[in-house]
Amino acid sequence: MAQQNESGTPFLRLAAPALVGLALWLSPTPQGVEDKAWQLLAIFVATIVGIIAKPLPMGAIALLGIAATVLTGTLTIAESLSGFSNTVIWLIVIAFFISRGFIKTGLGARIAYRFMAIVGKRSLGLAYSMVATDLVLAPAIPSNTARAGGVVFPVLRSIASSYGSEPDDGTARKLGAFLVMSSFQGTVVTSAMFLTAMAPNTLIVQLAADAGVEISWAGWAAAGLVPGLISLALIPWLLYLLYPPEIRETPEATEIARARLAEMGKVSSSEWMMLGAFFLLLTLWIFGRNLGIHSTAAAFAGLGGLLLTRVLTWDDILRERGAWNTLVWFSALVMMATYLNRLGLIAWFGNTVSTTIGGTSWQIAFVALSLVYFYSHYFFASNTAHVTSMYAAFLAIALGVGTPPLLAALVLAFFSNLFAGMTHYGTGPAAVLFGSGYVEMGAWWKLGALLSVVNILVWLGFGGLWWKALGIW
């Protein structure tokens, strides 16, 4: 009997998005909305429900969504496949390929140990070294799971073990729990600071562009710089006060770091080439618009250089499953979101809601909308699902109440990363860091809720002043 129930569960999970989509498809089309727009919304919602329910891998759900748009006659085959030619999607896919170089060459671990050797004499310094490593890697590694789970966590785990802090013998609070929480909250912030630090960020850029708001790589980074650095400075210190480690002094950590660096030897030629490619990409992403070089073209050039110098091989590219998976599901979601906007559904929704809440100042209305958007992440287990289902609609409402366009797009973009710090399931690295067993669920949620308030105050407060100086509003 148990076996039958187990085999039936995937069927029920697969039936759920289909039934939701069918119900929406058969419901009356609202006045002022095209039939095709309503049909596409039904397919889009079914796809999102499928991503949340996970009856199949995300890429498979996305392909089913593409097939549905064609087979129902909602879109042409060319329109349904248009997402695969999106330059923003290819930017993040290539960034995935480039990020493999940091792990393959050992440069990511070297950076972590270098920071640890400098500031690792105290547990608070160790936390800052983990955060600093994530910050340095964030512009070129578009997966916070790869950064926090693949680069930072192995270093963190070895240091905690060396001080006798283990997750399952009552010693987690000695050091490991504090470092885990600091690293997790740090990667949430670094993900918000750069367009290429998190895969859904590129989807945000496309959704904003569909609404008439252009966000460049340099513009995103400039806007996120000051509030991001303030958050990164505050979070480890606050955790040190609120969730302190039992071990405060860690002089042996610097010796461990120096020993690991000695084992690694001198910086290899492949590491130097990786570092050179990294700085070249940053330069082109920041100044490329002035030079007439598209950010995606710069990414292709950087990847080409790494292939020519054999830092990466074609087999490395083929093995980067995350990149190819991202290409499929991002292309599907971007295509649907784009045509929902072109068919007028997003504008209709924004106008309808903004008319309903009209009469208040845009400042009050936008702060309220932003808070609803932020805390609704308690109901999501994925940044991508949240962004896909809510970002365009909330941006349309924000624009409808008179919020300055770039301010609205950027604040919702930053919140699309910051809200992931509240729960143990809100983003990819949570599975690795919470799954390590160092932090109890109650502590994770309490600290996540408290730091969510801190981040909101920092980003809307100090960030607001910074954005005013930049002329964003």
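Gly228 has a relative accessibility of 0%, so it counts as buried (buried means under 20% relative accessible area, exposed over 50%, and partly exposed in between, with a 1.4 Å probe and protein chains only). Gly228 belongs to helix α11; helices here are DSSP runs of H or I with at least four residues, strands are runs of E with at least two, and both are numbered from the N terminus. Leaving aside neighbours within four places in sequence, Gly228 is in contact with Val189, Met193 and Trp459, where contact means heavy atoms within 4.5 Å.

Before going on, a word on what you are looking at. This is a predicted model, in which local features need pLDDT of at least 70 and side-chain atom pairs count only at pLDDT 80 or more, while totals for chains, interfaces and linings use all residues. Residues are numbered from 1 along each chain as its sequence is written, and side-chain values use heavy atoms, with hydrogens and water left out.

Now move to helix α9, where you will find Thr187. Is Thr187 buried or exposed? Its relative accessibility is 0%, so Thr187 counts as buried. Setting aside neighbours within four places in sequence, Thr187 is in contact with Asp134, Asn144, Arg147, Ala148 and Pro429.

Two packed helices are described by the angle between their axes and the distance between the axes. For helix α8 (residues 144-162) and α9, the axes come within 10 Å and cross at roughly 160°; axes are lines fitted to C-alpha atoms, for helices over the stretch in contact, and angles run from 0 to 180 degrees between N-to-C directions. That makes α8 roughly antiparallel to α9 (under 35 degrees counts as roughly parallel, over 145 as roughly antiparallel, 65 to 115 as roughly perpendicular, and the rest as oblique). The crossing of α8 and α9 is right-handed, meaning that the near helix is turned clockwise from the far one by less than a right angle, with anticlockwise giving a left-handed crossing. On the α8 side the contact is made by Asn144, Arg147, Ala148, Val152, Leu156 and Ala160, and on the α9 side by Gly176, Leu179, Val180, Ser183, Thr187, Thr190 and Ser191. These residues divide into six nonpolar, six polar and one charged (Ala, Val, Leu, Ile, Met, Phe, Trp, Tyr, Cys and Pro count as nonpolar, Asp, Glu, Lys and Arg as charged, and the others, Gly among them, as polar).

Next, look at helix α5 (residues 87-105), which packs with α10 at an angle of about 165°, the axes being 9 Å apart. That makes α5 roughly antiparallel to α10, and their crossing is right-handed. Val88, Ile92 and Phe96 of α5 meet Ala199, Thr202, Val205 and Gln206 of α10. The residues of this contact are five nonpolar, two polar and no charged.

Helix α5 has another partner, α16 (residues 321-342): the axes of α5 and α16 come within 9 Å and cross at roughly 165°. That makes α5 roughly antiparallel to α16, and this crossing is right-handed. From α5 come Ile89, Trp90, Ile92, Val93, Phe96 and Phe97, which meet Ala323, Trp324, Thr326, Leu327, Phe330, Ser331 and Val334 of α16. The contact of α5 with α16 has eleven nonpolar residues, two polar and no charged.

Helix α20 is mostly covered, with twelve of its 14 residues buried. Among the buried residues are Leu407, Val411, Phe414 and Phe415. Where do the buried residues of α20 pack? They pack against α9, α10, α11, α18 (362-375), α19 (383-400) and α22 (441-470).

Arg310 has a positive phi of about 65° although it is not a glycine.
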